[in-house]
Amino acid sequence: MASAAGVSRATVSRVMNGRSTVDPAITARVQEAAIELNYRPSNIARSLSIGRTTTVALVVPDLANPVFQQILRGVSTAAATDGYRVLVADSAEDPSQEASIARDARQRCDALLLVSPRMPTAELDALLLDVEPAVVINREIAHPSIPSLVVDYADATVQLVEHLAGLGHRRLAYLGGPRLAATDAARRQGIALVRERRPELEIVELDTGADLAAGHAAADAVLASRVTGVVAFNDLVAFGLLAALNELGVAVPKDISVAGYDDIDLARYATPGLTTAAVPQDELGKHAWRELHAVIDDESHPATTTRFSARLEVRTSTGTVPQQIARAQVTEAGPTPDGATEEAVEQVPTWAAEGDAMVLHRSRDRVALARYENGSRLPTIHSPRPYLHPVHSLAGVPLTDAGPVDHRHHYGVGVAVPDVNGTSHWGGRTYVADVGPTLLPNHGRQVSTGVSVDPLAPHLLVDSLEWRDEHGEPQLDERRRIGARLLDDGWVLEWRTTLHATGGPLEIRSPATNGRPGAAYGGVFWRLPKAERTTVLSAGGPGEEHAHGSTSPWVAFVQLHRDRDGDRETTTLLTQTSPARHWFLRAAEYPGACPALVWDTPLLVPAGGTVETGVVAALLDRALDQDEAAELATGLR
C-alpha cells in the first residue's frame, strides 16, 4: 500500500488508524490505494501489536434461556460502542465443564463475563484467580478486583408468594432450579423469609430444573401435592408446567395459579399471560460491560457488588384460590379465635384491602365473594377502568368473566360506556355509521381517586373516580357505592353509581344511537361466564327476545355449569335501581346485561348535571323459575 500510494509505511499506519495528523490529500491517496488493493487490516496482527484482542467472552449455563440472550444483547450493545466484540460460550448446565470452558475462552480474549456460574464456591474462587479481569453476574463474590452484579431474588420470591397469599392461596409449591445455582438458593431464602412471616402458609419445595422440559415433567408432582398456586424457578419452567396442565385439562388460573421469574418476552404475550418477577435483563448486561471495561482499562479499579431489584408483573396466570378449597382451608383451621365454630358465627360480608385490590369476604371464614380491581394494568385499547372480578356464588361458582376470547374488553362488573363526547369508555372497536365497528384511538380511562370502606358499615365500599378522555383530559366524576348482604341461600350485591358532568356538558351515545339498531350497550354492565346452558327470564317471560329492549324490573340468568366437580346450577338475578331503563341483554352470543344509559336517542347531561344508574343482584346456587325470580326481585327493590 505504501508503494502504491507513494508514501511511507508509517503514513499508511497513521491513516488506517484514523490519525488526524495526516494531510487530507495524502489520506485520500492511501484510502484509494487500499480500495484498489482490496486491503483489509488483520485483527490478529493488530492484536499482537497492541497486546489486546478487543474481544471479551461471555460464559452462560444455557444460551437457549431467553434471559441469558437478553443479558448477551445488553453486553454486546454496550461493548460495541467501545469497539469491543463479544464471544459466547455455553456450558450446557454442566458445572464440571464450566471452569475449563471459561479458561479456554479467556485465552482468546481480553476479559471474561461469567453469568450465573453453577460451580461450587471453591472452584469459582480458584477460576477467578486465573481469568481476571472478569465480572460475575447473578452471583455475589468476595474478590478485591472482580465486580459482581446480583438480583435480589429473595425479595422477588417474597413478592410472588405474598401476591398469591393475597389471592387466598395457602398451599403453594416452589419448583426449584439447579441446586448449585446461587439464584435458586436466593429464591429458597425468600421462601424461608415468608415462612417466618406467614406460618399459616404451606410451601412445598419440588426439585425440578431450569428448562421447559423440567416444568412439563413436574405437572404430576404439582397435582399430587394438592397446591393451589405454583412459583416456578423461571419463566421457562412455568411455561413447561402450563403446557402440561393444559394437556391434563387443568384450568389456569381457575384450578391452579402459576407464576415465574424473569419476565421473558413470551411471558407477556402468552395465553394466559404469565405473572412473573420482572428482572432488568438488558440493563444487567449493559452495567456488566461498564464494570468490565473499567477493570480492563484499570486493573486497580475497585470491585463493587451492584444489586438490582425485581418488579412484580401481575398477569392472568394467577387468580383467587378456588372457593371449594378456601372452604376446606377454613374447616381445617378449626374453631375461630374466640372458640366459636364457623356455624355459630353470623357471616357478614366485609371489604378489606389485599395489595392494590379490595376483596369482599364473609367476615369470619374469609371466603372471598368478590374482588374489586383498580384496572390500572388493563391495556389502553380496553379503556382501563376499575371492575369486580371474580364474583362468586356462596358455593364458589364464578358468576363473572374477564377478558374472554369473544370480547377481550369485557371485565366482570363495571361501568362501561361506549361513547362519552366521542371517547370510548367501553373498549375495543367503536361503531361508525356507514363503516361499522372500527378500531379508533379514542379510548379513555377511569382513574380511582380514593377507595374507602365505611368503618361503621364494612360491607360498603365507596370509590370516587375521574373519567379522562383519550388525551388525559377530565370529562366527568363518578361516585360508586358497592355493598353486600347475605340471604338464606345466597347473597346480594348492590352497585349504585352517580355520574357528575364536572368538565362541561356531556353527550352520551351508543352504537344504537349511531346507526346500529339494538346495540344500546353502556352502563353498569355485568359479563357472566359462558355455561353449559343459559336460560334468560324476565317479567315478559323466558327468552332473550323478551328481555332485550324491555323495561322489565328484573332479568335473570339461570345457568348450568359443568366441570370436573360435576353439574351445578346458579341464578344471577339483576334488578334495576331507579329510574327504569331498557335492558341491553345477550345470551346466545355471550351472557351479559346492563340497564342501558341510552337506548335510541343520545343522553344529554348539562354541565354540573348528574346521571344515576345501578343494579341490585341476587346470586344463588340453585335455579329459579319464573315465579320465584319475580318474587325475589320484588323483595330486592
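Trainee: Why is Thr 27 called buried?

Mentor: In this predicted model, Thr 27 has a relative accessible area of 18%. Buried means under 20%, so Thr 27 is buried. The residue lies in helix α3, which covers residues 24-37.

Trainee: What does Thr 27 touch, not counting residues up to four places away in sequence?

Mentor: Thr 27 touches Val 15 and Val 22.

Trainee: Why is Met 16 called partly exposed?

Mentor: Met 16, in helix α2 (residues 9-16), has a relative accessible area of 34%. Partly exposed lies between the buried limit of 20% and the exposed limit of 50%, and therefore Met 16 is partly exposed. Together with Leu 37 and Tyr 39, Met 16 makes a nonpolar surface patch of about 260 Å².

Trainee: How do you know that His 561 is buried?

Mentor: The relative accessible area of His 561 is 9%. This value is under 20%, so the residue counts as buried. His 561 is found in strand β28, residues 554-563.

Trainee: What makes the pair His 561 and Thr 570 a polar contact?

Mentor: Their side chains are joined at 2.8 Å. A polar contact needs a pair of N or O atoms within 3.5 Å, one able to donate a hydrogen and the other to accept it; the pair is therefore classed as a polar contact. Leaving aside neighbours within four places in sequence, His 561 is also in contact with other residues, including Val 397, Pro 398, Leu 399 and Ala 531.

Trainee: What makes Asp 104 and Arg 108 a salt bridge?

Mentor: Their side chains meet with N to O at 2.6 Å. The rule asks for a side-chain nitrogen of Lys or Arg within 4 Å of a carboxyl oxygen of Asp or Glu, so this pair qualifies. Side chains of opposite charge can pair when their charged atoms come close. Asp 104 is partly exposed because its relative accessible area is 38%. By this rule the count comes to 32 salt bridges.

Trainee: How do you know that Arg 198 forms a salt bridge with Glu 200?

Mentor: The closest N and O atoms of Arg 198 and Glu 200 are 3.0 Å apart. That value is within 4 Å, so the pair is a salt bridge. Arg 198 is partly exposed at 22% relative accessible area, and Glu 200 is partly exposed at 42%.

Trainee: Are Asp 263 and Arg 315 buried or exposed?

Mentor: Asp 263 has a relative accessible area of 18%, and Arg 315 has 16%. Both values are under 20%, so both residues are buried. Their side chains meet in a salt bridge, N to O at 3.1 Å. The pair links distant parts of the chain, 52 residues apart: Asp 263 lies in the loop between β9 (257-262) and α13 (265-269), and Arg 315 in the loop between β12 (311-313) and α15 (323-333). Elsewhere, salt bridges that share partners join Arg 179, Asp 184, Arg 188, Arg 195, Glu 205 and Asp 207 into one network.

Trainee: Why is Val 67 called buried?

Mentor: Val 67 has a relative accessible area of 6%, and this is under 20%, so the term buried applies. The residue is found in helix α5, residues 66-80. Not counting residues up to four places away in sequence, Val 67 touches Asp 262, Ile 264 and Gln 281. Val 67 and Asn 421 are 354 residues apart in sequence and 45 Å apart in space, C-alpha to C-alpha.

Trainee: Why is Gly 422 called partly exposed?

Mentor: Its relative accessible area is 38%. That value lies between 20% and 50%, so Gly 422 is partly exposed. Gly 422 is found in the loop between β17 (413-420) and β18 (423-425).

Definitions and conventions:
Residues are numbered from 1 along each chain as its sequence is written. This is a predicted model: local features need pLDDT of at least 70, side-chain atom pairs count only at pLDDT 80 or more; totals for chains, interfaces and linings use all residues. Side-chain values use heavy atoms; hydrogens and water are left out. Helices (H or I, at least four residues) and strands (E, at least two) are DSSP runs, numbered from the N terminus. Buried means under 20% relative accessible area, exposed over 50%, partly exposed in between (1.4 Å probe, protein chains only). Contact means heavy atoms within 4.5 Å. Patches are made of residues with over 30% relative accessible area and no salt bridge: like charges are joined within 9 Å, nonpolar side chains (Val, Leu, Ile, Met, Phe, Trp, Tyr) within 5 Å. Accessible areas come from the Shrake-Rupley method with a 1.4 Å probe; for residues, only the protein chains shown count as cover.
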